[in-house]
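The report below is written for a reader who is new to this structure.

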Amino acid sequence: ALEEFIKDAPAGLAPTAQLELAAAATLAGQYDAAAKAWAELEDSPSADLRAIAGIGHAKSLLLSGKGQEALAKLNGLKPKAPEAYAQAITRQIAVAAEAAGDAKTAAAAYAELAEQAEGAAKPFYEFKTNQLKPKS
């Protein structure tokens, strides 16, 4: 039903409906449909919405077992996204890299997060960094 609404929705409502479609598809476990909905939002004129859509798209790819694709999407997004999203993107890079079996990239992302972290998150990021670093 949302797909039909989006086709004829006023321009101002289309992004909201697309976000709702992405969320509903994710909750239903329809990750390919969610990825498609997020991808539609990645062309938004809003840099914030493009960043959110990119993160959502990557998360959908990750949930559907496409860790390498998620990692590539996030690596492409990070230099283009507003600074406010850098930490969230780096967290997703760490998770996607780990899921994709790329321990080196995951460890580097967790190390970056550990450098920036304060409070309770710091020990977790340090643990993950050490866990994923190659043993010599």
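## The nonpolar cores

A nonpolar core is a set of buried Ala, Val, Leu, Ile, Met, Phe, Trp, Tyr and Cys residues joined through side-chain atoms within 4.5 Å, where buried means under 20% relative accessible area, exposed over 50%, and partly exposed in between (1.4 Å probe, protein chains only). In this predicted model, the largest such core has 25 residues, and those with the most contacts inside it are Ile89 and Tyr110. Two or more residues each come from helix H4 (47–63), helix H5 (67–77), helix H6 (86–99), helix H7 (103–116) and helix H8 (121–132), and H7 gives the most, with six residues.

If neighbours within four places in sequence are left aside, Ile89 is in contact (heavy atoms within 4.5 Å) with Ile55, Leu74, Leu77, Lys78 and Ala81. Apart from this core lies another, of eleven residues, which include Ile6, Ala22, Trp38 and Leu41.

## Basis of the model

The model is predicted, so that local features need pLDDT of at least 70 and side-chain atom pairs count only at pLDDT 80 or more, while totals for chains, interfaces and linings use all residues. Residues are numbered from 1 along each chain as its sequence is written, and side-chain values use heavy atoms, with hydrogens and water left out.

## The chain as a whole

The chain has eight helices and zero strands; both are DSSP runs numbered from the N terminus, helices (H or I) having at least four residues and strands (E) at least two. Its C-alpha atoms fill a box of roughly 60 × 30 × 25 Å along the principal axes, and 38% of the 136 residues count as buried.

## Salt bridges between separate parts

The structure holds five salt bridges, each being a side-chain nitrogen of Lys or Arg within 4 Å of a carboxyl oxygen of Asp or Glu. In one of them, the side chains of Lys73 and Glu42 meet at 3.2 Å, N to O, and this pair links Lys73 in helix H5 with Glu42 in the loop between helix H3 (31–41) and H4, 31 residues apart.

Another joins Glu112 and Lys78 at 2.9 Å, N to O, with Glu112 in helix H7 and Lys78 in the loop between H5 and H6, 34 residues apart. Lys128 also forms a salt bridge with Glu98, the closest N and O atoms being 2.7 Å apart; Lys128 lies in helix H8 and Glu98 in helix H6, so the pair ties together parts that are 30 residues apart in sequence. Lys128 is buried, with a relative accessible area of 11%, whereas Glu98 counts as partly exposed at 29% relative accessibility.
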